[in-house]
Amino acid sequence: MRSITVSAPGKLMLLGEHSVVYNRPCIVTAVGQRMFVTVEKTKDEFFELNAPDVNVRDYRRPISETGNGEIEKGAKFAELAVANFINKFPIAGGLKMKTKSEFSSQFGFGSSSASTVCVIKALSELFNKGLSDKQIFDLAYKTVLDIQGKGSGFDVAAAVFGGTLYFWTGGKIIKPLSIKHLPLIVGYSGVKADTVTLINQVKEKADKYPQVIEGIYDQIQILVDEGKKALLKKDWESLGEIMNFNQGYLASLGVSTKKLADIIYAARENGAYGAKLSGAGGGDCMICLAPEEKIKSVKKAIEDAGGKVIEIKANEEGVRVE
Ligand code: PMV
C-alpha cells in the first residue's frame, strides 16, 4: 500500500513565552532538527503506531476507538491527531504509522507538536484532502489543546509554517519575519521541564498578584515588538539586550532556575550580546546571541557552567512531504 513520509521542524521561543498564553505576541523560530512521520493505509480497521523515540512499540487499537479511553503516554498526540482528522474526514480501513525524531524529546524543541502536525499533514496528503497550512494549524492546535488543555499554539505554528514567526495567541496573527540567518547558540540545561506545570505556577501568581503579572506581560509585549524590529534589522546587539530584559521578567515570573541562570550568566560574561531561557522555563534550553569572534568562548562557557551546547539551524522550513 502507498505510504507517505512527512517531516516538520522543532522550535525555539525567542521572545514572549508565558505572556503569549494571555492574548499577546511572541517570536518563535523553527529549528532544523526535524520530526519524521511515515503513514500507510491498511485494510484492517486498526491504528498501529511505532514511536521508538518515546518508547512506543507495536501499539495497536481499533481505529474506531482512537481518542477514547486510556491512551499510552507516548501515543497520545499521534492518536488524538488521527481521531480529530477522521472525525472531520471519515476514512475506510486502518492506518499504520511510525515516527522518528532527529532530536531528543527532552530538549523542549516541541516534538509533540511537530509530530501532531506531521500526522495531520500526512493524512491530508494520503486522503487527498489538500488542507491549507492554516487548516493544518487549526486541527493540530485543537489536538494539542485536547491533550494539554493549555498553550498558545506557537509551537504548532513553527512546525507548520517554519521560518521565524511573529505569532499571537491561538494563531490570531501568524506573520513570517523575513530574515535569512539567525546566529543562535543553544544550551540545554540537562533538566526536562513540564510546560503545563509551569503555566499553572505562573497562573497561581497571576491569581494572587494580577496587576503585577499583567504589568509584566505588558512589558514583555513591548519587548517582543522591539525585538521584532531589531531582528529585521539584524541588530543582534539590541536583540541580545532585549533578550536580557525578557530573561529578567521571566525570572520575576518564577520560571528561571539556578541552573539556567548559571548558564545564562556564563554566556553573558564570556561575550554574548544577551541570553535568556527559551520555552516554559524550569529547565529545557537557554539561547543566546554572540558576535562571531566570541562564539567559541561562549560555547565553552556554557559547557563549563554545566550546560550542553546543541548545534541547531534556526529559521528552518516548515512541514513538508519528504
Ligand atoms: O515549554 P515549551 O517550550 O513548550 O514553551 C512553552 C511556552 C509557553 O508560552 C509557556 C506556553 C505556550 O504554549 O505558549
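Biologist: Before we start, what does buried mean here in terms of relative accessible area?

Modeller: Buried means under 20% relative accessible area, and exposed means over 50%. Please note also that this is a predicted model.

Biologist: Then is Glu-316 buried or exposed?

Modeller: Glu-316 has a relative accessible area of 18%, so it falls under the 20% limit and counts as buried.

Biologist: With which residue does Glu-316 form a salt bridge?

Modeller: The partner is Lys-313, with 3.7 Å from N to O. Lys-313 is exposed, at a relative accessible area of 56%.

Biologist: How many salt bridges does the structure hold?

Modeller: There are 19 salt bridges in the structure. One of them joins Arg-60 to Glu-48, whose closest N and O atoms are 3.4 Å apart.

Biologist: Which parts does that pair tie together?

Modeller: Arg-60 belongs to strand E4 (residues 56-62) and Glu-48 to strand E3 (residues 46-51), so the bridge ties together parts 12 residues apart in sequence. Arg-60 itself is partly exposed, with a relative accessible area of 45%.

Biologist: And what does Lys-100 pair with?

Modeller: Lys-100 forms a salt bridge with Asp-53, and their closest N and O atoms are 3.9 Å apart. This pair links distant parts of the chain, 47 residues apart: Lys-100 is in strand E5 (residues 94-101), while Asp-53 is in the loop between E3 and E4. Asp-53 is partly exposed at 37% relative accessibility.

Biologist: Changing topic, how is the protein divided into domains?

Modeller: Domain 1 covers 3-179 + 316-321, and domain 2 covers 184-310. Their C-alpha centres lie 26 Å apart.

Biologist: How much area do domain 1 and domain 2 bury between them?

Modeller: They bury about 2800 Å², with 69% of it on carbon and sulfur atoms. Leu-15, His-18 and Arg-24 supply 23% of the area that domain 1 buries against domain 2, more than any other three residues.

Biologist: How many salt bridges are found across that interface?

Modeller: The rule finds 3 across the interface of domain 1 and domain 2. Separately, Arg-24 and Glu-214 meet through their side chains in a salt bridge of 2.9 Å, N to O. Arg-24 and Glu-214 are also linked with Asp-218 in a network of salt bridges.

Biologist: And how many residue pairs are in polar contact between the domains?

Modeller: The count is 12 residue pairs between domain 1 and domain 2. On the side of domain 1 that touches domain 2, strand E1 (3-15), strand E2 (25-42) and strand E6 (164-168) each supply at least two residues. The largest share, 5 residues, comes from E2.

Key:
Residues numbered from 1 in each chain as written. Predicted model: local features only at pLDDT ≥ 70, side-chain atom pairs only at ≥ 80, totals over all residues. Heavy atoms only, no water. Domains from an automatic or database assignment. Buried area = accessible area lost by both parts, 1.4 Å probe. Salt bridge = Lys/Arg side-chain N within 4 Å of Asp/Glu carboxyl O. Polar contact = N/O pair within 3.5 Å; in protein donor to acceptor, adjacent residues only side chain to side chain. Helix = DSSP H or I, 4+ residues; strand = E, 2+ residues; numbered from the N terminus. Buried < 20%, exposed > 50% of the residue type's maximum accessible area, 1.4 Å probe, protein only.
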